[in-house]
Amino acid sequence: MNEPRIVLVTGANRGLGFEICRQLAALGDSVLLSGRDLAKAEKAIVEIPRNGGAVHALALDTGSDDSVRSAVEMITRDFGRLDVLVNNAGGNFDSDHLTSTVAIDYVRETLEMNLIGAWRVTQAMLPLLRKSPRARIVNVSSGAGAFASEIGFGLQKMGGAAPAYSISKTALTAFTVKLATELKASGILINAVCPGWTATYPGGEAQGARPVAEGAAGIVWAATLPDDGPSGCFFRDGQPQPW
Ligand SMILES: NC(=O)c1ccc[n+]([C@@H]2O[C@H](COP(=O)([O-])OP(=O)(O)OC[C@H]3O[C@@H](n4cnc5c(N)ncnc54)[C@H](OP(=O)(O)O)[C@@H]3O)[C@@H](O)[C@H]2O)c1
C-alpha cells in the first residue's frame, strides 16, 4: 500500500496522544488528531511540523455515542477507511485512593474513561478498520494494571493505591486479548502497550519519569507492526510484558 495510512488517535490534544500523532505524521501517515474539545485539537495540529503526512483535527469525545458516531461519519465521508486506531484517551491515576474506600462513582467514571471509551470507539470504528488491508489497533494500557510488573507500578505494588485506574487498565488489557482472539482471522493486529512512567505533566522528568517521546515510541512501534506481527499481547518498548 503506497498511499499514506489513515490513523486516528484519541485524546491527542496533549501528552502522549499528541506525541504519537507527531511521530506518526513524521513517518508520512495521514493523522486524525482527535480531542473531546475541537478547539484544543485545532490548536494542537498547528504545533506539528508540516514536513510529514497531513494532520487533521477531529472532535471525538470517547464517552459520547453521538460524538463517536459523528467521527465515524466524517472518516467514512472523507477517507472511506481507517488503517490505525490508537485508543490513547484516559487518565484518573488515583494514587490518593484506596480500594476499600474509593467512591464508587469515581470507579465508574474511571472505567468509562479508560475501558468503556476505548471499547465504544473500537466497536464504532471496526467497519472502517475492516476496509483496511493492514489494520492495527493499539490500546494504551499500563503496567499499573498488571499482576506481574517489574517496575514500581502493578496490582501488587503502590500499597494498593490507584485502585480505579489500575483495575480499569487491567480490564483494558483483557479487552485487548478478547478482541484479538475474536478477530484472529481478520488480519487486524490488536495489542496493548504500556508507555512506562512518562513525563506528560510539569516536573515529571525531575521525578524520574521518561521523556514523552520515549513513552510514545513503544506505542508507535505497535501501530506500525508488520503483517506477521503479534496480536493480543501486552508490550512496553516493543518487548512483551507479563501481566
Ligand atoms: N503518563 C504516564 O506515565 C502513563 C503511564 C501509563 C499509561 N498511560 C496512559 O497513556 C494515556 C495518555 O496519558 P497521558 O499521560 O498523555 O495523559 P494526559 O496528558 O492527561 O492526556 C490525557 C488525554 O486524554 C484525553 N481524554 C480524557 N478523557 C477523554 C474523553 N472522554 N474523550 C476524549 N479524550 C479524553 C484528555 O483530553 P483533555 O485535554 O480534554 O482533558 C487528554 O487529551 C492514558 O491512557 C494513560 O492512562 C500514561
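The model is a predicted one. Ala162 sits in the loop between β5 (136-140) and α5 (163-182). Its phi is positive, about 60°, although Ala162 is not a glycine. Most residues other than glycine have a negative phi.

Phe93 leads on from here. Leaving aside neighbours within four places in sequence, Phe93 is in contact with Ala162 and Tyr165. Phe93 is found in the loop between β4 (84-87) and α4. Is Phe93 buried or partly exposed? Phe93 is partly exposed, because 19 other C-beta atoms lie within 10 Å and a buried residue needs 20 or more. Gly63 is 30 residues away from Phe93 along the chain, and the C-alpha atoms of the two are separated by 18 Å.

Asp237 lies in the loop between β7 (234-236) and β8 (239-240). With 15 C-beta neighbours inside 10 Å, Asp237 counts as partly exposed.

Now the interior. In soluble globular proteins, nonpolar side chains tend to be buried together. The largest nonpolar core here has 59 residues. Which of its residues touch the most other members? They are Ile20, Cys21, Leu33 and Ile219. Take Cys21: not counting residues up to four places away in sequence, Cys21 touches Val9, Ala12, Val31, Leu33, Ile48 and Val55. Another core lies apart from the largest one. That other core has six residues, among them Ala144, Phe153, Ala162 and Ala164.

Start with α2 (residues 38-45), where Ala41, Ala44 and Ile45 are buried. Seen down the axis of α2, these buried residues fall within an arc of 95°, so they line one face of the helix. The cover over the buried residues of α2 includes α1, β2 and β3.

Next comes α3 (residues 65-78), with 14 residues. At 1.5 Å a residue, α3 should span 20 Å, and its end C-alpha atoms are 20 Å apart, which agrees. Which residues of α3 are buried? Val68, Ala71 and Ile75 are. Down the axis of α3 they fall within an arc of 60°, so they line one face of the helix. The buried residues of α3 pack against β2 (30-35), β3 (55-59) and α4. The face of α3 turned away from the buried side carries the exposed residues Asp65, Asp66, Arg69, Glu73 and Arg77. After α3 comes Gly80, with a positive phi near 80°.

Last, the ligand. How many residues surround the ligand? There are 28, and the closest are Gly11, Gly15, Ala89, Gly90 and Thr200. By class, the shell holds eight nonpolar, 15 polar and five charged residues. Gly counts as polar in this sorting. Both α1 (15-26) and α4 (104-129) supply at least two residues each to the shell. The largest share, three residues, comes from α1.

Key: Residues numbered from 1 in each chain as written. Predicted model: local features only at pLDDT ≥ 70, side-chain atom pairs only at ≥ 80, totals over all residues. Near = placed C-beta within 6 Å. Helix = DSSP H or I, 4+ residues; strand = E, 2+ residues; numbered from the N terminus. Expected span 1.5 Å × (residues − 1). Buried ≥ 20, exposed ≤ 12 C-beta atoms within 10 Å, placed from the backbone. Arc of directions from axis to C-beta. Contact = placed C-beta atoms within 7 Å. Core = buried A, V, L, I, M, F, W, Y, C linked by C-beta atoms within 7 Å.
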